[in-house]
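Please examine the sequence and the model shown below. The paragraphs that follow lead through its side-chain contacts, its core and its overall architecture.

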Amino acid sequence: MSRTTDILLTALAPAVWGSTYLVTTEALPGGYPVTLAVLRALPAGLLLLMVTRCLPPRAWLGRVALLGSLNFALFWVLLFVAAYRLPGGVAATLGSFQAMMVIILARGWLGTPVRAGAVAAAAIAVLGVGLLVLGPEAALDPVGIAAGL
């Protein structure tokens with residue numbers, strides 16, 4: 001692939017991800033975060049089952065259920081709760097905290113040293129996103145903030 005194609009494909013992921021908030025608030029019925037999470041995950045899961053045509057071994061079923069619950073079900077329910085309860089700019093700013101959370105979690109779970117440059121870069125990213133997308137209409141809802149984080 002050419003460099004231009006690589007750049008366009010790389011830019012496509014955040015553009016599609018960012019459209020989640022717009023589509024949720026403007027085109028979907030309000031108040032159904034669990035249903036929306038199911039509708040987002042189920043087609044991909046069914047497609048994977050059709051392609052592989054087999055279930056995981058019985059010993060793995062619990063692990064698969066746990067991973068699916070944490071990685072998809074819980075995550076997407078919280079994503080839709082945040083999208084319903086927060087303006088898009090506030091949700092985007094909360095999402096930009098992910099780099100800082102990774103730094104903190106890597107320190108706690110892996111013992112990775114916290115580097116000043118990484119913390120500074122993550123803080124600048126949060127500040128930059130906040131300056132770019134937050135406006136005077138930014139409302140802070142405690143449930144939405146908890147779900148967004």
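The charged end of Arg 63 is placed over the ring of Trp 60, at 4.7 Å from the ring centre. A charge is taken to sit over a ring if NZ of Lys or CZ of Arg is within 6 Å of the ring centre and within 35 degrees of the ring normal. The model is a predicted one, in which local features need pLDDT of at least 70 and side-chain atom pairs count only at pLDDT 80 or more, whereas totals for chains, interfaces and linings use all residues. Residues are numbered from 1 along each chain as its sequence is written, and side-chain values use heavy atoms, with hydrogens and water left out.

The protein chain contains seven helices and zero strands, and from the N terminus on its elements run α-α-α-α-α-α-α. Helices (H or I, at least four residues) and strands (E, at least two) are DSSP runs, numbered from the N terminus. Along the principal axes, the C-alpha atoms fill a box of roughly 50 × 40 × 40 Å. Of the 149 residues in the chain, 19% are buried; here buried means under 20% relative accessible area, exposed over 50%, and partly exposed in between, with a 1.4 Å probe and protein chains only.

A search of the whole structure for aromatic pairs finds one. Its members are Phe 72 and Trp 76, whose ring centres are 5.4 Å apart and whose planes meet at 50°, so the pair is tilted. The criterion for pairing rings of Phe, Tyr and Trp (its six-membered ring) is that their centres lie within 6.5 Å; planes under 30 degrees apart count as stacked, over 60 as edge-to-face and the rest as tilted. Both residues belong to helix H3 (residues 61–85), and because they are four residues apart there, about one helical turn separates them. Phe 72 is partly exposed, at 37% relative accessibility, whereas Trp 76 is buried, at 13%.

At least three residues of the core come from each of domain 1 (1–85) and domain 2 (87–148). In soluble globular proteins, nonpolar side chains tend to be buried together.

Which residues does Tyr 21 contact, leaving aside its neighbours within four places in sequence? They are Leu 79, Ala 83 and Ala 91, where contact means heavy atoms within 4.5 Å.

The two domains, whose bounds come from an automatic or database domain assignment, have centres separated by 21 Å, taken over C-alpha atoms. Between them, five residues of domain 1 are in contact with seven residues of domain 2. In the protein chain, residues 24 or more positions apart account for 81% of the contacts with a separation of 6 or more.

The structure holds one salt bridge, defined as a side-chain nitrogen of Lys or Arg within 4 Å of a carboxyl oxygen of Asp or Glu. Arg 85 forms this salt bridge with Asp 141, and the closest N and O atoms are 2.5 Å apart. The pair links distant parts of the chain, 56 residues apart: Arg 85 is in helix H3, and Asp 141 is in the loop between helix H6 (116–133) and helix H7 (142–148). Arg 85 counts as partly exposed, at 41% relative accessibility, but Asp 141 counts as buried, at 18%.

Arg 53, in the loop between H2 and H3, has a phi near 55°, a positive value in a residue other than glycine. Arg 53 is exposed, with a relative accessible area of 75%. Tyr 32 is found in the loop between helix H1 (3–27) and H2 and is partly exposed, at 46% relative accessibility. Although Tyr 32 and Tyr 84 are 52 residues apart along the chain, their C-alpha atoms are separated by 9.1 Å. Leu 131, in helix H6, is exposed, with a relative accessible area of 67%. Leu 131 and Gly 45 are 86 residues apart in sequence and, C-alpha to C-alpha, 38 Å apart in space.
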